[in-house]
Amino acid sequence: MPASRRQFLSDLWALTKPYWKSEERLKSGLLLAVIVGMSLGIVYLSVLFNQWNNLFYNSLQEKNVDEFFRLFGRFAILATLFIIVAVYQIYLRQMLQIRWRRWLTDRYAETWLEGRNYYRLRFENDGTDNPDQRISEDIGGFVEQTLALTLGLLESVVTLVSFSVILWGLSGDIHILDIQIPGSMLWAAVLYAGFGSFFTHLIGRPLIRLNFLQQRYEADFRYQLVRVRENAEPIALYGGEAQEARGLSGRFANVVSNWWAIMRRQKRLTWFSAGYSQAAVIFPFLVAAPRYFSGAIQLGGLMQTASAFGHVQSSLSWFIDAYTRLAQWRATVDRLTGFAAALADLETRKGEGFTRLDAPAGQGLTLADARLSLPDGRTLLTGAALTVAPGERVMVAGPAGCGKSTLFRAIGGLWPFAAGTLALPAGKRTLFLPQRPYLPIAPLAAAVAYPDAPETYGQERIAQALADCGLPHLAGQLSEERHWTQELSAGEQQRLAFARAILLAPDWLFCDEATSALDEASQMELYALLTARLPKAAIVSIAHRPSLAAFHHRTVRFVPTGDAAAQAVFHLEAAAA
């Protein structure tokens, strides 16, 4: 077996095995067993239909009216059973499909969210584009395709075995070089299907890669559309419609170009498969006709032989009929395994960043021998040390782009390109207020209390926190669910973030230019409120306005190392009084 095929089967097993060994295995196993039983029942009914063909067409040839109407009654019974089984087989398969998809989605979403993997994935280069599509679409596609193809293959194998026996018994012998070969119709079906399968694979093989790329390009285009929607206001203010149109056009051009490649390859495959299918209708009659005209079989025997040949040929041609879906399935499996591998790789590198320790009782934050780098390897900060006592307020200053926000990310455990030792008090609540607060699409009360549940504080306390932070007009909208990031101005969002800080009352608060969108008077007002409401909290603030120094005990500044060969490298120094 080629290495690529072995790898695919290994990846497929890795995706499939966890569910069938989970707590769902008993219920879903029973459901699958019923579905398989129904598939076998459909094959059995097909065998009975095949026998019915013989009797029915013989009654026509013999002009036997009583037998003709009796067989019509038998057909009605068989058709009714077939419809019932077919309907419930699809219904139960869809039930299994949604159970499996729900389990896989929960598992992938949990792994994506835990350990801040959703953030760390942005630094990965392979197997991680558009995780939203992989969770929302690829999982559903994988489950649906796996069940459809697996059950279809099972049904084809059982059909092949069942009708091969029938076709063998209906076939006459053929003589090649004075050698008598029994089962002529069966061998004809095998050769016909083998020929079709070989050329189908030869023509359609490039579809696997093309379908993989199509899913990726579609996701990239959709992501760009979402970016425009999420950033509608700044784009409109900049008048950036033409630039965005060029960006969308460029991404959609990839969709169109790859789609044309799929169309051309699909056209070639359809030329062959359509011709193959049409020839399959008449081929068994051509092969069996000599025996009918010689009187060896009656009309019913001819029709039964053609029907059995059709079932055998169709079973052997499963690969041909399913080739397009197989290509899509392979692409889906590749995308999911790439995503799973990237998440697993992040798990093995969970300790990246600062070495984190629990600070001794009574001590605060201690950062020693810290080094920060960019993903490209360029160093931002080197040999840095910082201590912040419990309840102390420290302002961090420095030129733009020196790595202040990156330092906060590393302290928060987000930045993997960091080295050094960080000790923090255990069991203390930490809260970060970024320059651009995150506001979920949720009732306003939930947005203010995020990430806690609003019930933890109650509507009255939340309303009071908003009023204290200069947002009394929002107190009456706590139950309204909106896209608050688009509803509120940048200044209002930062005020809401301060209300969140007062409500959650963290022991350690890190503010990354958290008042940059406010005027200086509002900034002073909010910091005065913050220090009054959280007198015991340690506050570390990144800020450019010198006036904020009045609300902090001391200032730490990013200072260039002075190394001419590394002008962009900084270290930390306590600012002069």
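These legends walk you through several close-up views of the structure shown above. The model is predicted: local features need pLDDT of at least 70, side-chain atom pairs count only at pLDDT 80 or more, and totals for chains, interfaces and linings use all residues. Residues are numbered from 1 along each chain as its sequence is written, and side-chain values use heavy atoms, with hydrogens and water left out.

View 1. Start with I83, I84, V87, Y88, Y91 and M95, which make a nonpolar surface patch of about 590 Å². (Patches are made of residues with over 30% relative accessible area and no salt bridge; like charges are joined within 9 Å, and nonpolar side chains, that is Val, Leu, Ile, Met, Phe, Trp and Tyr, within 5 Å. Accessible areas come from the Shrake-Rupley method with a 1.4 Å probe, and for residues only the protein chains shown count as cover.) Y88 belongs to helix α3 (residues 65–113). Helices (H or I, at least four residues) and strands (E, at least two) are DSSP runs, numbered from the N terminus. With a relative accessible area of 46%, Y88 is partly exposed; buried means under 20% relative accessible area, exposed means over 50%, and partly exposed lies in between (1.4 Å probe, protein chains only).

View 2. Side chains of opposite charge can pair when their charged atoms come close. A salt bridge here is a side-chain nitrogen of Lys or Arg within 4 Å of a carboxyl oxygen of Asp or Glu, and by this rule the count comes to 13. In one of them, the side chains of E137 and R222 meet at 3.4 Å, N to O. This pair links distant parts of the chain, as E137 sits in helix α5 (residues 131–170) and R222 in helix α7 (residues 207–230), 85 residues apart. E137 is partly exposed at 39% relative accessible area, and R222 is partly exposed at 27%. Another salt bridge brings together the side chains of R335 and D138 at 2.9 Å, N to O. R335 is in helix α12 (residues 323–348) and D138 is in helix α5, so the pair links parts of the chain 197 residues apart. How accessible is R335, buried or exposed? R335 counts as buried, at 0% relative accessibility, and D138 counts as buried at 3%.

View 3. The side chains of R533 and D468 meet in a salt bridge of 2.7 Å, N to O. R533 lies in helix α18 (residues 520–533) and D468 in helix α15 (residues 459–468), a link between distant parts of the chain, 65 residues apart. R533 is partly exposed with a relative accessible area of 41%, while D468 counts as partly exposed at 22%. Elsewhere, E24, R99 and R102 are linked in a network of salt bridges.

View 4. R495 lies in helix α17 (residues 490–504). R495 is buried yet has no salt bridge, and the nearest side chain of opposite charge, E525, is 4.6 Å away. (Lys and Arg count as positive and Asp and Glu as negative; His and the chain ends are not counted.) Leaving aside neighbours within four places in sequence, R495 is in contact (heavy atoms within 4.5 Å) with C469, G470, L471, L518, S522 and L526. Q493 is also found in helix α17, and Q493 is buried with a relative accessible area of 6%. Again leaving aside neighbours within four places in sequence, the contacts of Q493 are P437, L439, T485 and L488.

View 5. Most residues other than glycine have a negative phi, and most peptide bonds are trans. Which kind of peptide bond joins Y450 and P451? The bond is cis, with omega about 10°. P451 lies in the loop between α14 (444–449) and α15. A505 is not a glycine, although its phi is positive, at about 50°. A505 lies in the loop between α17 and β11 (508–512) and is partly exposed, with a relative accessible area of 41%. E513 has a positive phi near 50°, and the loop between β11 and α18 holds E513.

**View 6. Strand β7 and its partners.** Strand β7 (residues 418–424) has 5 of its 7 residues buried, so β7 is largely enclosed by the rest of the structure. Two strands pair if DSSP finds at least two bridges between them. Strand β3 (residues 355–358) pairs with β7 in the parallel sense over 4 bridges, and R356 has L422 in β7 as its bridge partner. Strand β4 (residues 365–373) runs antiparallel to β7, joined by 5 bridges. L372 stands opposite A418 in β7.
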